[in-house]
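Have the sequence and the model open side by side.

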Amino acid sequence: IPWRIVLTSANTWLLGSIMICSATLFYTQFQWFPTYLKEARGESLEAAGWLTAAMMIGAATGCLSGGLLVDALLKRTSNRKLCRKLVGGAALSLAALSMMTVPLAQSAVAAVVCNALAGFFVQLAVPTWWTAVSEISGKHGAAMFGLMNSMGGLGVVATTSLVGWYVSAQEELGVEPLACWNPVFFGVGCLLLAGAVFWSLFDTNRSIVERAAP
């Protein structure tokens, strides 16, 4: 594996950064959304569990739909580079918008719908992400999948530690529960917008393998 070339490739860092941004949404929803429903929305433990499960349906639907969407666009346009950027960037932009509407939701159910939409749009981009990694990696696909996907771990660490720390700090200051959590959703939304920008800079025609060829 030509590590020097891989690690100096803009595409490597762009796709890795997209995964970091996406992971903040995944793990905010997996780890913190049930707590949010209980503490900020007053739901019982059982209700929070069911509502979180319902939210995950959006993510699953998005992942199944993403591959079909990008294939359909590619057949119509025959422009692989445009399709990757359009699906990836638009999906993360819509996910960001959905996430930022959570604080405006008037009920727990409305908040779940907003989060379900955010999960749907992020997962809509996932098949495109994996395809993009494959297209630039060639025979080094397995290693590149591992490298760029593992960068999402940074988003996991940040989400796990910073969200809990921030909300607890706000609670100690006497801030009401809903107000404690609202900046979390705005912050994740901003990161998703950054991910959309990274998609706009990615070039699926710039292959790591070609740069590494003698």
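Which helix does Leu-45 lie in? Leu-45 lies in helix 3, which covers residues 45-77. Keep in mind that the model is predicted.

## Leu-45 and Phe-26

Leu-45 has a relative accessible area of 65%. That is over 50%, so Leu-45 counts as exposed. Phe-26 sits in helix 2. Its relative accessible area is 13%. The limit for buried is under 20%, so Phe-26 is buried.

Beyond residues up to four places away in sequence, Phe-26 touches Val-122, Gln-123 and Val-126.

Thr-24 belongs to helix 2, residues 10-39. Thr-28 lies in helix 2 as well. Are they buried or exposed? Thr-24 has 5% relative accessibility and counts as buried. Thr-28 has a relative accessible area of 4% and is buried too.

What does Thr-24 contact, leaving aside neighbours within four places in sequence? The partners are Gly-155, Thr-159, Val-188 and Leu-191. For Thr-28, with the near neighbours in sequence set aside in that way, the list is Phe-33, Met-99, Thr-159, Val-184 and Val-188. Thr-28 and Val-184 are 156 residues apart in sequence, yet their C-alpha atoms are 8.7 Å apart in space.

## The largest pocket

The largest pocket has a volume of about 210 Å³. It is lined by 13 residues, and those closest to its centre are Ala-158, Leu-162, Val-163, Val-184 and Val-188. Which elements give two or more residues to this lining? They are helix 2, helix 7 (152-172) and helix 8 (177-201). Helix 7 supplies the largest share, with 6 residues.

## The cavity

Rolling a probe the size of a water molecule over the atoms shows where empty space is left. How many cavities of 30 Å³ or more does a search of the whole structure find? The search finds 1. About 60 Å³ of space lies in the largest cavity.

Its lining is made of Ile-18, Met-19, Ser-22, Phe-26, Leu-92, Val-122, Ala-125, Val-126, Trp-129 and Trp-199. Helix 2 and helix 5 (108-137) are the elements that give two or more residues to the lining. Phe-26 returns here as a lining residue. So do Val-122 and Val-126, which Phe-26 touches.

## One salt bridge

Side chains of opposite charge can pair when their charged atoms come close. The count here is 1 salt bridge. Which side chains form it? Arg-84 and Glu-135 meet at 2.6 Å, N to O. Arg-84 lies in helix 4 (residues 80-100) and Glu-135 in helix 5, so the pair ties together parts that are 51 residues apart in sequence.

The two partners differ in cover. Arg-84 is buried, at 5% relative accessibility. Glu-135 is partly exposed, with a relative accessible area of 21%.

Where is Val-175? It sits in the loop between helix 7 and helix 8. At 28% relative accessibility, Val-175 counts as partly exposed. Residues up to four places away in sequence aside, it touches Gln-170 and Cys-180. Val-175 and Leu-193 are 18 residues apart in sequence, and 27 Å lies between their C-alpha atoms.

## A nonpolar surface patch

Which residues form the nonpolar patch on the surface? They are Ile-1, Trp-3, Leu-7 and Trp-13. Together they have about 410 Å² of accessible area. Ile-1 is placed in the segment before helix 1 (3-7). Its relative accessible area is 48%, and Ile-1 is partly exposed.

Note on methods:
Residues numbered from 1 in each chain as written. Predicted model: local features only at pLDDT ≥ 70, side-chain atom pairs only at ≥ 80, totals over all residues. Heavy atoms only, no water. Helix = DSSP H or I, 4+ residues; strand = E, 2+ residues; numbered from the N terminus. Buried < 20%, exposed > 50% of the residue type's maximum accessible area, 1.4 Å probe, protein only. Contact = heavy atoms within 4.5 Å. Patch = residues over 30% accessible without salt bridge, like charges linked within 9 Å, V, L, I, M, F, W, Y side chains within 5 Å. Areas by Shrake-Rupley, 256 points an atom, 1.4 Å probe, with all protein chains shown as cover. Salt bridge = Lys/Arg side-chain N within 4 Å of Asp/Glu carboxyl O. 1 Å grid on protein atoms, 1.4 Å probe; cavity = no way out; pocket = protein on both sides within 12 Å on 5 of 7 lines; lining within 4 Å. Points joined across faces, edges and corners; volume = space filled by probe spheres on them.
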